[in-house]
Amino acid sequence: ICEWNKINMNNKKEQGKVYIEDIKTKKKVEGLLFIDMDKESVTVKFDHQEYREPFHEIGYFKTIRKLDQQLNKKGYQLICNATSLDVWPYRVGLAKYTLLARRIPTMETVNIFESASWNRYATEDKQMKFIINHPETSV
């Protein structure tokens, strides 16, 4: 992991409350999504379960998307700002290491490690298509 990331994580919120939804039953349970610097991964814990995805050099937003794909294979969906249809990460400078993203079309800044009442779950493909086709964005 890059040194910039380790230094700057001390001043940022590293975790957030999220929901994990059973794809078949639609039952939601509360979980905790966080950066595990010791294991160099993004981790989600819920119902005595823990799933982890290494972040390497792909950035936090993409790592959360990969973690969601891992959960999908187990029959779950990760409900958080990063998996919401209308959220996309910043694309400037060291954006892949940011915890922030923009909600479209309001351009509200949101933390990707948290959930909100307005979250609308989308797969990564659906999210990307929405963002690409939205007039206020350029990806």
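Strands E6, E7 and E8 form, in that order, an open three-stranded sheet with antiparallel pairing; two strands count as paired if DSSP finds at least two bridges between them. Helices (H or I, at least four residues) and strands (E, at least two) are DSSP runs numbered from the N terminus. Strand E6 (87-89) and strand E8 (108-111) are the edge strands, each pairing on one side only. From one strand to the next, the twist averages 40 degrees, with axes fitted as lines to C-alpha atoms and angles running from 0 to 180 degrees between N-to-C directions. Strand E7 (residues 100-103) pairs with E8 in the antiparallel sense over four bridges. Arg103 has Glu108 in E8 as its bridge partner.

The model is predicted; local features need pLDDT of at least 70 and side-chain atom pairs count only at pLDDT 80 or more, whereas totals for chains, interfaces and linings use all residues. Residues are numbered from 1 along each chain as its sequence is written, and side-chain values use heavy atoms, leaving out hydrogens and water.

The loop between E8 and H3 contains Asn119. This residue counts as buried because its relative accessibility is 13%; buried means under 20% relative accessible area, exposed over 50% and partly exposed in between (1.4 Å probe, protein chains only). A polar atom of the Asn119 side chain lies 2.6 Å from the backbone nitrogen of Ala116. Not counting residues up to four places away in sequence, Asn119 touches Ile79, Cys80, Asn81 and Ser84, contact meaning heavy atoms within 4.5 Å.

Helix H3 (residues 124-133) has Glu124, Gln127 and Ile131 as its buried residues. Seen down the axis of H3, these residues fall within an arc of 65 degrees, so they line one face of the helix; the arc is that of the directions from the helix axis to the C-beta atoms. They pack against helix H2 (60-73) and E6. The face of H3 turned away from the buried side carries exposed Asp125, Lys126, Lys129 and Asn133.

The largest nonpolar core has 29 residues, of which Leu33, Val44, Ile64, Leu78 and Phe113 touch the most other members. Such a core is a set of buried Ala, Val, Leu, Ile, Met, Phe, Trp, Tyr and Cys residues joined through side-chain atoms within 4.5 Å. H2 gives the most to this core, with five residues. Leaving aside neighbours within four places in sequence, Ile64 is in contact with Leu33, Val42, Leu78, Cys80, Ala82, Thr83, Ile112 and Phe113.

Definitions and conventions:
Polar contact = N/O pair within 3.5 Å; in protein donor to acceptor, adjacent residues only side chain to side chain.
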